[in-house]
Amino acid sequence: MASEERRKERLDRGIKVRSDGIYALLSWRELGYLVLPRLVLIVGLLLLPLVMPGLYWQRVISNVCLYALLALSFDFLAHYVGLVSLGGALFIGTGAYIAALLNKHLGLSIILTIPIASVSGAAICTLLLLPCLPLRGVYFAIVSLMYPLAAMRIIEALNIFGGTDGIMGVDSFPYSWVEQYFVIVMVILFLFGLRRLVNMDIGLVFRGVKDNDQAVRASGMSITYYKAVAVFIASTIGCLAGACLTHIYMFSGISLFALDFSILPIAATVIGGGGTLAGPDIGCFILVPISELLREFGTLRIAFYAIILMAFIVFKSEGLMVYGQRKYHQFERWVKI
Amino acid sequence: MTESPMLHVEEATKAFGGILALNRVSFDVNHGDILGIIGPNGSGKTTLVNCITGFVTMTSGKIFFKGREITGKPAHKIADLGVTRTFQIMRPYYSLPAYKNLVIPLFSPRAKRTGGWRGGGKLGDRNTVGIDILEEIGFERDSFVPYKLASSLPTGYLKRLELARCLALKPEIILCDEVFSGLSMSEIASMVPLIERLQMDGITLIMIEHRLRELFRVANRVMVLNFGEKLVEGTPDEVMANPKVKEAYFGSEEVEEVMTYA
């Protein structure tokens, strides 16, 4: 019976950079404790292109980063604003088409097309999604899924923007290392930027909208306005990924509205742990390379994919990041009852 | 009459399908009043609050705030004018600590305007102001209570948090939807002085209550609703002496009790 008379106790380490405006770090050790995981992530990301063998895998890194950006935008909208958006493909497609058109028809250089496509694409996406913003949860998800599908068919039917052929011959990044480091730096910037944002006062308003939108209305704030701001932020990230994608593949076509861009970020969020922002990125770094490795199995890889997802949902539904954070920030011990 | 009443409701009517939840209810509230609204369950009290604060659009009727029509304005615009409300079923932000709950209303345009303050500076940031408001409303400052997650707070504190959310907006009117319900006698006893202090601060209050004894201690006027219609309005004594009210509350022990008390 001895084994039944003890239980596992979990205690928070409680090391924080700041509490109530006072810098609360007491030693280099505590500083290291907090900096280490962030440093591992940043340095790891920056080293990745150097350690990857061959061009093929370097391209995979760029791909992973684009999905990571999308997953960031999904996680932000779903877990901090309460809008479960399946419109990832809309963001990618809009950003990609704008960048491609600006580059091909106006001859703008890549330094201009990416920022213009990100911001104007975000504005377009926000305007398109504006009528659906009063919707919540699964209803918003369904409507936002409709947009990329509709966009694909509209381009096909009206034969605009190159129709089914798409737009070929878009400028590529000047060097492949520029391409990789650009997307990696963007992932790092937006990851830490969003983490900062959700803990700022306006971030609390976003979380308030998710938690209890009626109380936000009763506080004298328009929920539609704040939802629109959040969608703008998320779609800026998505359109940026789209613009990068079109320059990486030197092509923009209706395949960019494919459902993969809506679905994979969700799968990555499940694996990485929702609401952590870093988790979905980690999920992308697992899922996208796996799908590359499984490429030789052809369509069978979908089955492998499904098994991985199912295993995560059943055995670690909290996600890797949440699990990791818990193990890192708490210590466990057995205590006698 | 030079000064228009704080709130003027004219023939407020709300129909849900064929059911008239409110049937041509009219009343005035003057500055500094505490108006109690009582009535049996389903008599339209909460619907009235929803209509005034814009959470539900009225079928017909007009509402004026300080002589300005606010009928049909969206809820956040009405709150922005200073007509705030609490919810009967408390609506805190459960995933945030209590003091962070107040950061959200403090971020609103009205709080920025009325506070003359945009965060930072002499008053401190929104967190500090939030904790100040919580202390005012009865959260012990130096305890851990203001820092606890709203999901782990007991009902009494959540009711106070609802009021605190209104106070963060520096309101002119607070419509309290059953702030006393679900509280123990001692908790109510500690809430009553709070309500009195709000009145002294010049805030007009409209209180929906079932706890008549406590309500009559603070309210200077009472309105009785029954089946969406206004039965009577007057001072607490007048209202309780009215035979129509006795009929509406027929068999209710509380009224008998209050009648003998009054």
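Predicted model: local features only at pLDDT ≥ 70, side-chain atom pairs only at ≥ 80, totals over all residues.
Student: Which residue in β4(B) stands opposite B:Glu10?
Tutor: Residues are numbered from 1 along each chain as its sequence is written, while chains are lettered from A and ligands numbered from 1 in the order in which they are written. Strands are DSSP runs of E with at least two residues, and helices runs of H or I with at least four, both numbered from the N terminus. In β4(B), the residue opposite B:Glu10 is B:Lys62.

Student: How many bridges pair strand β1 of chain B with strand β4 of chain B?
Tutor: Two strands count as paired if DSSP finds at least two bridges between them. Strand β1 (residues 7-16) and strand β4 (residues 60-65) of chain B pair in the antiparallel sense, and the number of bridges is 5.

Student: Which strands of chain B stand at the edges, each with a single partner strand?
Tutor: The open sheet of 4 strands in chain B is antiparallel and has the order β2-β1-β4-β5. One side of each edge strand is left without a neighbour in the sheet, because each has a single partner, and these strands are β2 (19-29) and β5 (68-69).

Student: Which residue takes a positive phi in the hairpin of β9(B) and β10(B)?
Tutor: Strands β9 (residues 221-226) and β10 (residues 229-234) of chain B run antiparallel and are joined by 5 bridges, with B:Met223 opposite B:Glu233. The hairpin has 2 residues between the strands, and the one with a positive phi near 50° is B:Phe227.

Student: What is the radius of gyration of chain B?
Tutor: Chain B has 11 helices and 10 strands. The radius is taken over C-alpha atoms, and the globule rule is 2.2 Å times the number of residues to the power 0.38. For 262 residues that rule gives 18 Å, and chain B is close to this value, so it is as compact as a globular protein of that length, with a radius of gyration of 19 Å.

Student: How many residues does chain B bring to the contact?
Tutor: Residues are in contact if their C-beta atoms, placed from the backbone, lie within 7 Å. Chain A gives 17 residues, and the number from chain B is 23.

Student: What ipTM does the predictor give the complex?
Tutor: Chain B averages a pLDDT of 87, and 90% of the residues score at least 70. For the complex, the predictor gives a pTM of 0.89 and an ipTM of 0.86.

Methods. Contact = placed C-beta atoms within 7 Å. pLDDT = per-residue confidence, 0-100.
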